[in-house]
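Please keep the sequence and the structure in view while reading.

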Amino acid sequence: MKKIIDEYPKEMRALVLRDVGDLRLLTVPVPELAKGSVLLQIQACGICSSDKERVFVTGTYHFPTIPGHEFAGRIVAVADDVDEALLGRRASVFPMLPCRECDACKTEQYAQCSNYNYFGSRCDGGFAEYLVVPVWNLVPFDDALPYATAALCEPSAVSLHAVNIGNIKKGEKVAVVGTGTIGFLVAAFAKNLTDQIVICGRSENKLAYAKKLGFEAVNLTDEHCREQILSITGGDGFDVVFEAVGSSATIERSVDLAGTFGRIVLLGNPKGDLAMDKNIYWSVLRKQKTLMGSWNSSFNSSANDWAVVVDWMKNSDFDFGQLITHRFSLDEYEKAFELIRREKNKEFLLKVMIEIGDEG
Ligand SMILES: [Zn+2]
Ligand SMILES: [Zn+2]
C-alpha cells in the first residue's frame, strides 16, 4: 500500500544517457515506491561540472542512466511504512546511498563508504520528473525557499564541508583558487568566518561577478598577480587556501600562495595526472604547509552539512540564487548541455539549472 496526495502518471519524461555523448529526452516508467521511501516530484536539478564529464567524456557506471545529483522537489507519495506528514513537503536529497555495512558506514562516515550507490551516476538521478528516494536521504526545507535554490544544497554542502576542514579562525587570511560555483560557495561560507578573502581565477567576467558579490578578486593570468595577491597578505602568504579546480597549475599556485604553516584544502577533481614544481614542493617541507583533502559532505547524526546549508539558505544575507546564471526547461536540455560543453572563459556561467516541474 502507498499513500499519495495527487494521482501521478505511470510514465514520466527524463534525460537518459544511453552512451557517451548520447543524452536524450525520453518517456520512461515512473519508478515504483519501495519500503522506507517517498516519490519525489523533481522541480529543479542543477548541472554539475562532473555531469559534463559523465555525459560527454566518461559516461556513467552503466547505460542507460538518468544523470543528475543536485536536485530538489516535492514529496507526492510515501510508502505505507513512511510518515504521512511528509506528503507535500519540499526536500533536497543527499545523493549517496551507502551500504550501511562497511566500517565507514558503521561510524556514520558515509562519504567514505566502500560500497555505495549514487543518484545520477551509479543509479538513476534527478534529470527526471520523478524519483524514488529513501526517507533517510531527504533534506526537508520550508516553502519559502525556491526549489532551484534548494537544488544548490549539494554543491553547498560540499563547499561547507571543505570550509569546515579548513578550520578558519577569525581574521585569518583566505584565498580561494577557482571561480566555479564551488569556488563562490566556499568564499560565501568562509566570509562568515573572516573578512579577508580573495578569489583567484582566470575568467575576467567571473572575477567581475566575484567583485560584485563583495569579494576581492585577482586574475591569475595577470603577469603580476602573485605580487598582487601576496601584497594583500602583507607578503607572508595566506593562512588557508582552497583549491577548487584540480589542475597542476592551480594546485601549485595554491600551495605557493599559502604562507608558513599554511593549510591548503584540496577539493578540485583532477581530470588527469598531476605534477608539481620542485620548489613549490620544497615550500611544503620548509614552511611546514599542510595539504588537506575534502571529499563530499557530512550527513550523519553528529555532523550534518546539509542541515546547516538549508539553515544558511534561509537565514544568511548571501543569496544563493545569485549563483544560478542560466535556467532551462527539460525540453531545452540540449541548449543547456551544449552551453556547459563549450564553456570557455569568455562565456559567463556559474550554475546552469534545469527546471522540471511546474513549480520549479
Ligand atoms: Zn556535483
Ligand atoms: Zn558502507
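What percentage of the 360 residues in the chain do buried residues make up?

## Overall form

In this predicted model, 45% of the 360 residues in the chain are buried. The radius of gyration of the chain is 21 Å, which agrees with the value near 21 Å that a compact globule of 360 residues would have.

The chain has 11 helices and 18 strands, and, among its contacts between residues at least 6 apart in sequence, 69% join residues at least 24 apart.

## Two domains

The domain assignment divides the chain into domain 1, which is made of 2-151 + 319-355, and domain 2, which covers 158-293. Their C-alpha centres lie 30 Å apart, and the contact between them takes eight residues from domain 1 and nine residues from domain 2. On the side of domain 1 that touches domain 2, there are three nonpolar, four polar and one charged residues.

## The largest nonpolar core

In soluble globular proteins, nonpolar side chains tend to be buried together. Here the largest nonpolar core has 100 residues, of which Ala151, Val176 and Val186 touch the most other members. Helix H5 (residues 181-190) gives this core its largest share, eight residues, while domain 1 and domain 2 each supply at least three residues.

Once neighbours within four places in sequence are left aside, Val186 is in contact with Ser159, Ala162, Val163, Val176, Phe242 and Ala244.

Technical notes
Residues are numbered from 1 along each chain as its sequence is written. Chains are lettered from A and ligands numbered from 1 in the order in which they are written. This is a predicted model: local features need pLDDT of at least 70, side-chain atom pairs count only at pLDDT 80 or more; totals for chains, interfaces and linings use all residues. Domain bounds come from an automatic or database domain assignment. Two residues are in contact if their C-beta atoms, placed from the backbone, lie within 7 Å. Ala, Val, Leu, Ile, Met, Phe, Trp, Tyr, Cys and Pro count as nonpolar, Asp, Glu, Lys and Arg as charged, and the others, Gly among them, as polar. Helices (H or I, at least four residues) and strands (E, at least two) are DSSP runs, numbered from the N terminus. The radius of gyration is taken over C-alpha atoms; the globule rule is 2.2 Å times the number of residues to the power 0.38. A residue is buried if 20 or more other C-beta atoms lie within 10 Å of its own, exposed if 12 or fewer, and partly exposed in between; C-beta atoms are placed from the backbone. A nonpolar core is a set of buried Ala, Val, Leu, Ile, Met, Phe, Trp, Tyr and Cys residues joined through C-beta atoms within 7 Å.
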